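Please read them with the structure open.

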Amino acid sequence: MKFSEQWLREWVSPQLATQALADQITMAGLEVDAVEPVAAVFEGVVVAEVLERVQHPDADKLSVCRVSDGSAEPVQVVCGAPNVAAGQKVPFARVGAVLPGDFKIKRAKLRGQASHGMICSASELGLEEETSPGILELPASAPVGEDFRVWLGLDDHTIEVDLTPNRGDCLSVKGMAREVGVLNRLAVAGPATAPVAATHDETFPVRVEDAEHCPRYLGRLIKGVDVTAETPLWMVERLRRSGIRAIDPVVDVTNYVMLELGQPLHAFDRANLHGAVIVRLAREGERLVLLDGQEITLADDTLVIADERGPLAIAGVMGGEHSGVNGETRDIFLESAFFAPLAVAGQARRYGLHTDASHRFERGVDPALAREAAERATALLLEITGGEPGPLVEVASAEHLPGERPVRLRAARLEQALSKALPAEEVTDILQRLGMAVTADALGWDAMAPTWRFDIAIEEDLIEEVARIHGYNRLPVRRPAARLALRPDHEARTPLGRLRRQMVARGYQEAVTYSFVAPELQKTLLPEAVSPVLANPISSDLSVMRASLFPGLVRALTHNLNRQQSRVRLFETGLIFRGELDDLQQLPMLGALVCGSREPEGWSADRERVDFFDLKGDLESLLAMGGDLEAWRFEPAEHPALHPGQCARILHRGEEAGWIGTLHPAVRAQLGLKVDAVLFEVRLDALTHGKVPAFTPLSRFPEVRRDLAFLVDEDLPVQALLDTLHGQAGEWLTESRLFDVYQGKGVPEGRKSVALGLTWQHPSRTLNDEEINQLVDAIVTESRQHLGAELRG
């Protein structure tokens, strides 16, 4: 919110300097971003009148003017502006004046003609950033000879406030004045707004078909307006100081009232309205050309203002080009309405728009303000453009209008939160100054939140209001008291911090991505995934909750590859969201992605690329940290985002805990990736829960090792062979290690050779060959019967 300090002080003027006022507003929770002068520094500029203008005898683009600046005699000035004319009131820099940029005005001769001063444009006075096309024309009422800076009130400042979304009530001069008045115990006095008497009985029909989203709609037909009239300079200046460019008197008035009161308004050209004004939801496939020339296709949940022929505007966002006011407009239909915040929220962003109206309606506009704003705008329009106002038509649904909300504030809770006991009279006074009806009793206060404060609903809201008006800097500073006990160390759990450090130690970098992802990306990787869709997303690329860590990691990979990072090793921890809102699962996960070379570039490093087993090894290092690696299994399976031949389901104690695999070639091509990537994700709850470490005494007796090479079917998982082996190897088996897999010469087609190293050790004696041979025979027999395995000769 950007506004003029002078404008604010017309409503309420505390005895504070500009910076002190800005500091006070900031300390009240409304952060002031900037305080800037409204015009550059200049002096010696007065209001003057052009008495005569003749063509320069030696220059086609110059004029010789006789100017009265309030002195005894008129002065001659040579001017190059194309719009200078006799009878104009203009800003005039006398000889000796200093303009912005330390530009001093001196007597001069231009093509042989004397020039004693300079007729100024807006940009030359620092009132416009872009170069003005001509001189600045002033109203005929401007007093000749008066200091231009004083007359236009340029010793002023703009104050820009960065409001939080809950303080939509301060998006106006009236709202800011209310705050300043409360802080300084001053009355607020704005311009009087009286009902405008109708001069004719003609109305335009209004029909509200969606009262839930538009509980109040007011409209007035004003006939015979002159849209070619000039907007008064005082209004143009107030708009400029608020960051809004003047367009035409009708638009300027609606913008002015929006800034003054906080109620967005819109004016339709009556000649382009047919049948009735209808407030309804758009119909599928309807199109609308907006005021900015953009043509959009409306979604069926968009609230629109329409007539019998079709949509005229997106309600609370932007009007349509066809029905807008133009140079030929003679009659206007003035709209002032209350649209529910949820009806407007996200609509502007959906169509790539952001307007002052949508900014306010999304945050909440006072539902009781529409009539006052319509009357104020009507009065200003009649003053500037003339015209004949008709009756003000209102369609309202009392059951859908938000009303005042009762909120209870307990004295004990207030003291506990503020660490300070405030006098009951002061609390009552603060709440009443904030516009609330208050009833006090021995235990606290019952307050009725006013209609303009959408953000006051619970007790904590009232505590915040009391604290900021009383003054945060007046609250005591107390150190928190707490009983600090040692935290238990759960030995069976692996802290997340250890898992992170392990990944970093293995060469990974932690990624932190949004929990929101693009729906197209998620559908590409997880076609069957169901997760919540955001009603008001940051952008269309972040509109659904992620059902997996894969989309965020893949997007981070693309970002890095696009910046010439060919070796990428990322991991991430975070929640994923599965199911609809009424049955939502939020699962903590750990995921990782690798791409590029196995080792960093170096003279001793090879250039082999990472593969499935590299990432599997990194994952197994995490699984082993829980001390229960035997509880984990990898089984071949299919995942829509992963390569069918390089993909495995991760099981923990027989339950699915995650996935690992190489990105599917078709998915990779669809995403525009030219290199392979391997990725996994696994449930954090399974990963962090292991078993309590237990001490096993070292045996003093020798180990016995046997190496067995089996011929098995090539599609047999080695894990199946290991499970069979462990079932027959007895209780003294201390280690089983796969040390070779071979296919080729000497091995039948369709088979593979799997070599295992088995180690036994008894804790209290030496094992003999006969015992070991019996165990080996049992392993070979069981493997042959159940797996078709044969010992390789």
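1. Start with the hairpin. Strands β24 and β25 form it, with three residues between them. β24 covers residues 437-440 and β25 covers residues 444-449; they pair in the antiparallel sense over four bridges. Within this pairing, A440 stands opposite W445 in β25. Strands here are DSSP E runs of at least two residues, helices are H or I runs of at least four, and both are numbered from the N terminus. Two strands count as paired if DSSP finds at least two bridges between them.

2. A word on the source. This is a predicted model, in which local features need pLDDT of at least 70 and side-chain atom pairs count only at pLDDT 80 or more, while totals for chains, interfaces and linings use all residues. Residues are numbered from 1 along each chain as its sequence is written, and side-chain values use heavy atoms, with hydrogens and water left out.

3. Next, an open sheet. It has four strands in the order β14-β21-β13-β22, with antiparallel pairing. Which strands stand at the edges? They are β14 (265-269) and β22 (388-396); each has a single partner strand, so one side of each is left without a neighbour in the sheet. From one strand to the next, the twist averages 20°. Seven bridges join β13 (residues 216-223) to β22. In that pair, Y217 stands opposite V395 of β22.

4. A helix packs on this sheet. Helix α10 (residues 370-385) touches β13, β14, β21 (332-338) and β22. The direction of α10 makes about 15° with that of β13. Such angles run from 0 to 180 degrees between N-to-C directions, with axes fitted to C-alpha atoms, for helices over the stretch in contact. Contact means heavy atoms within 4.5 Å.

5. Now the nonpolar cores. The largest has 44 residues. Those with the most contacts inside it are F3, L8, V161, M176, V253, V257 and I332. Helix α6 (residues 249-261) gives the most to this core, with seven residues. Apart from it lies another core, of 36 residues, among them I314, A315, A340 and V344. A nonpolar core is a set of buried Ala, Val, Leu, Ile, Met, Phe, Trp, Tyr and Cys residues joined through side-chain atoms within 4.5 Å. Buried means under 20% relative accessible area, exposed over 50%, and partly exposed in between, with a 1.4 Å probe and protein chains only.

6. Look at helix α5 (residues 233-241). Its buried residues include L233, M235 and L239, and also the charged E237, R238 and R241. The buried residues of α5 pack against β1 (2-4), α1, α3 (148-151), β11 (157-162), α6 and α10. Just after α5, G243 takes a positive phi of about 85°.

7. E5 lies in helix α1 (residues 5-11). Is E5 buried or exposed? E5 is buried, at a relative accessible area of 7%. The E5 side chain makes a polar contact with the side chain of T18, at 2.8 Å. A polar contact is a pair of N or O atoms within 3.5 Å; within protein, one must be able to donate a hydrogen and the other to accept it, and residues adjacent in sequence count only if both atoms are side-chain atoms. E179, in helix α4 (residues 173-184), is buried at 5%. Beyond four places in sequence, E179 is in contact with residues including L30, R167, L434 and R468.

8. On cysteines, the structure holds zero disulfides. A disulfide is a pair of cysteine sulfur atoms within 2.5 Å. C120 is buried, at 0% relative accessibility. For C647, the nearest cysteine sulfur is that of C595, 18 Å away. C647 is buried too, at 7%.

9. Finally, two loop residues with positive phi. R111 has a phi near 55° and is in the loop between β8 (108-110) and β9 (113-115). At 55% relative accessibility, R111 is exposed. Q564 has a phi of about 60° and is in the loop between α16 (550-561) and β29 (568-578). Q564 is exposed, at 68%.
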